[in-house]
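Student: I would like a close look at one part of this model, followed by a connected account of what surrounds it.

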Amino acid sequence: MNFFARRRLRNTLLCLVGMVLAYGLWRMLKVALRPAAIYTGFALLALVLALALFNGRKKLPFLPLLKASSWLQFHIYAGWLSVFMFLLHSGFRLPTGTLETILAVLFVIVALSGVAGLFITRLLPPAITRSGEPLVYERIPRYQHALRTEVEDIVEDAERQSGSTAMGNFYMSTLAPYFQGRSSVFLLAGNPSRHAQRILGQMDEYCRYLDEELVGSMEQLRDCVERKRNLDFQNAAQRLLKLWLFVHIPFTYSLIIVALVHAWVALVYGGRL
Amino acid sequence: MDASGQTIRPARWDEPFDADVTPEKVERILTLPPFDRLDPQRFPRHLPLAGILRNDTRLLTLKQDQIVVREGDYGNSAFLVLEGTARVVLESLPREVLGRSEGAKKGWFQSIARALGTKRVREHRPHHSIRQREADEDDLILLHDVPRVLAGKRTEDLQPGELFGEIAALGRSPRTATVIAAQSGTQMLEIRWQGLRDMMNYAPELKAYIEQRFREFGLRSLLRTLDIIRRLPQSAVDEIVAATEFERYGRMDWYGSYQQLLDSTTPAERLRTEPMILQQGDYLNGLVIVRGGFVRVSRKYHLGEQTTAYLGKGQCYGLKEIYQNAQKPGELMTSEHSLRAVGYVDVLVIPTVLVERLILPRLTAAEVRKLEPQGAKPKTARPAKLGEDAREKLGPGIVEFFMDKRTINGGATMLIDLDRCTRCDDCVRGCASAHDGNPRFIRQGDQLEGIQITQACMHCHDPICMIPCPTGAIHREESGEVVINDRTCIGCSSCANNCPYNNIQMVEIRDERGMPQFPVKLDEKQRIVLDSRGAMTSLSADGAVQRATKCDLCHDLLGGPACVRACPHDALIRLDMQETDKLAAWLNR
């Protein structure tokens with residue numbers, strides 16, 4: 001068993017023990033006719049605040065506050081525990097009041113975005129690594145511009161040398177929309193190479209109408225299409241790796257604010273304040 | 001440029017090692033051995049002997065039992081006894097006796113204060129004309145209760161005119177012994193290694209003297225680091241020291257053409273350019289010990305060569321073959337591998353006859369089992385720290401890759417597992433936050449099988465970046481990190497040009513408004529020329545003042561490198577590339 005498998009097993013077991021303990025305490029509180037919702041609510045609030053501290057830790061890398069990877073492990077497994085605690089707190093039923101519903105929806109969004117983020121951060125990096133030439137996300141627009149210019153140069157050269165408009169026509173009808181377009185994260189839904197494969201198929205088809213010299217230019221363009229495919233994939237994948245945090249983090253802060261309001265309302269109207 | 005033709009631009013000897021070394025003192029030093037035997041005429045005009053002594057040395061007056069150098073410290077200087085006596089302790093002393101403590105690390109409050117005080121301006125520095133003298137550090141460490149501490153320890157006294165510490169200073173290696181002042185008022189001349197190197201270049205008698213000293217003292221220490229020699233009696237070691245041959249392979253300036261070689265040749269072509277130390281199939285004339293540099297161990301594989309391991313300083317090759325030949329004289333066993341110099345390599349060769357007579361009879365049973373033919377390896381064998389079996393542990397492609405890129409030199413190489421890296425740049429931000437907003441590495445680099453060798457200083461075992469530094473600004477800390485002293489860096493780019501891995505960046509330093517700092521004009525009296533508004537006259541045509549910057553492994557931070565601590569995905573590590581087991585464990589997580 002390798003390091004990651006051992007760690008996963010250990011942390012999963014710890015998480016399960018935490019869940020069993022939480023469930024046992026919850027049952028005991030119920031049997032003892034104690035206000036279990038108050039206890040689980042505070043435990044849940046404490047867990048959410050502890051989970052939110054991870055982002056704070058990331059802002060203080062110069063302090064010896066354990067490694068960020070240890071914090072992430074805590075974040076992942078305490079996150080699962082918080083989902084279980086949420087179910088205990090809600091009594092395994094759907095919320096009824098407006099505030100509770102808003103709070104529940106926020107929690108679900110934060111939890112689901114977290115789970116999605118976990119899968120994204122585990123699945124996309126190997127795909128990016130094997131996609132082709134490594135690219136820095138911030139420089140992708142520059143690469144795209146350079147690639148577009150290169151394609152235009154190849155087409156212009158081919159036209160000039162052959163005296164035919166065949167390449168220009170093909171460029172305008174097929175290549176220009178492809179090379180000028182920017183990929184979105186939706187490219188990752190399904191086969192991310194589908195656009196490139198379609199263009200390559202059209203290029204093969206078009207080659208039968210070209211002479212040997214223009215077929216040579218087409219080969220150069222095929223290489224450009226392959227590079228565009230890599231650019232598009234890396235752009236989409238790296239963007240998604242950043243975008244999910246724009247859901248997870250703002251909703252976490254909203255969740256904390258609404259949870260605090262909810263706690264205050266529950267204590268005030270429960271006669272405990 | 002003004003009539004005086006002078007500008008303030010950082011230069012070598014701007015900051016003498018010791019301002020108290022006056023021309024009068026230099027005159028006196030020149031009358032003392034060994035300087036009285038050197039011919040000043042051999043030195044070039046731009047690098048006079050008196051200039052070296054004036055700027056690259058300092059005078060130390062020591063109290064009795066004051067420690068001059070400690071075993072294990074990295075040193076950048078050699079010492080010459082001028083008056084009194086120095087005592088070399090030839091055996092190791094306990095750590096606490098030597099006053100060792102953890103290096104000064106920033107505490108929590110200091111770290112927070114530094115983060116809050118970070119300037120928004122990139123590469124902000126106080127104006128370069130205000131040279132901030134290094135705070136006088138209290139170097140005074142006394143060895144207490146000397147009679148008890150040194151009881152039963154072998155010592156040797158050094159008299160006026162004797163040099164010590166030059167092997168560690170020139171070899172960029174740790175001190176092999178502790179030296180204390182034997183009397184109060186002992187005077188020594190501390191010589192920066194750059195000055196010593198320059199003196200050796202122009203004074204062959206000094207060079208010969210230092211090489212002779214290496215055979216007498218350094219060689220013995222180096223040989224004693226080997227298990228197979230440590231247990232030998234003194235007389236046997238003496239015999240080996242006298243008979244050991246020094247061999248050098250490759251070019252000292254290999255790094256100059258390395259990038260070009262890398263770009264223009266195939267791996268097989270590069271391998272052929274590496275000087276052969278020992279060819280597969282040759283008879284072994286002796287036990288080969290690596291004194292400095294790295295050796296590629298390879299064997300023939302189909303039509304090419306397959307790298308199986310690499311050897312670094314203190315590692316040896318050939319004992320198995322010599323043992324087999326001694327056991328079965330009728331069945332000659334030749335070398336199973338070829339050895340090639342990667343860059344520049346210093347090797348020592350202990351003649352086979354001495355190995356057979358002095359070393360083989362004293363091998364332990366475990367060592368003998370390791371030398372037996374395949375299948376007889378002891379189950380309790382200590383995990384190899386050597387490059388042995390590297391190929392099996394790391395995978396075939398990775399070993400060749402590390403050899404090709406010569407990252408085997410790295411003492412703290414940054415590796416990123418790209419299958420786990422989400423490209424979030426938390427490592428870069430972590431680095432920047434630990435260095436006043438300036439990241440000290442670039443998250444890019446060569447990659448193979450999803451492993452990236454990131455462009456961050458590797459804190460090399462043999463830091464060749466230190467070789468040309470004229471001021472000693474780039475140096476090795478006691479704890480092993482190679483760091484740049486920003487206050488004494490003159491921005492000459494020598495270290496950046498020498499680094500074969502492009503891991504040192506030259507940056508333009510800026511003032512508090514974010515404007516580049518330029519050299520300023522001086523008048524005849526060496527005063528800064530001010531304009532009508534009282535501002536310094538900047539000479540922008542001369543280009544902005546630069547400093548060399550690189551990763552310092554966050555040596556002053558609690559908890560270690562910020563990049564490692566900032567990575568949430570366990571994708572980044574700093575590794576000593578000679579620790580094959582750790583490397584293999586990380587690659588096969």
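How far apart do the C-alpha centres of domain 1 of chain A and domain 2 of chain A lie?

Tutor: This is a predicted model, in which local features need pLDDT of at least 70 and side-chain atom pairs count only at pLDDT 80 or more, whereas totals for chains, interfaces and linings use all residues. Residues are numbered from 1 along each chain as its sequence is written, chains are lettered from A in the order in which they are written, and side-chain values use heavy atoms, with hydrogens and water left out.

The two C-alpha centres lie 46 Å apart. Domain 1 of chain A covers 3-132 + 245-269 and domain 2 of chain A covers 142-238, with bounds that come from an automatic or database domain assignment. Five residues of domain 1 of chain A and seven residues of domain 2 of chain A take part in the contact, where contact means heavy atoms within 4.5 Å. Between these domains about 500 Å² is buried, 63% of it given by carbon and sulfur atoms; buried area is the accessible area (1.4 Å probe) that two parts lose on being put together, summed over both. On the side of domain 1 of chain A, the residues that lose the most area to domain 2 of chain A are A:Leu124, A:Ile128 and A:Ser131, which together make up 83% of what that side buries.

Turning to the partner chain, 28 residues of chain A are in contact with 30 residues of chain B. Chain A and chain B bury about 2700 Å² between them, with 58% of that area on carbon and sulfur atoms. Three salt bridges are counted between chain A and chain B, and in a salt bridge between A:Arg7 and B:Asp570 the N to O distance is 2.4 Å. The interface of chain A and chain B also holds 14 residue pairs in polar contact, both residues at pLDDT 80 or more.

Methods. Salt bridge = Lys/Arg side-chain N within 4 Å of Asp/Glu carboxyl O. Polar contact = N/O pair within 3.5 Å; in protein donor to acceptor, adjacent residues only side chain to side chain.
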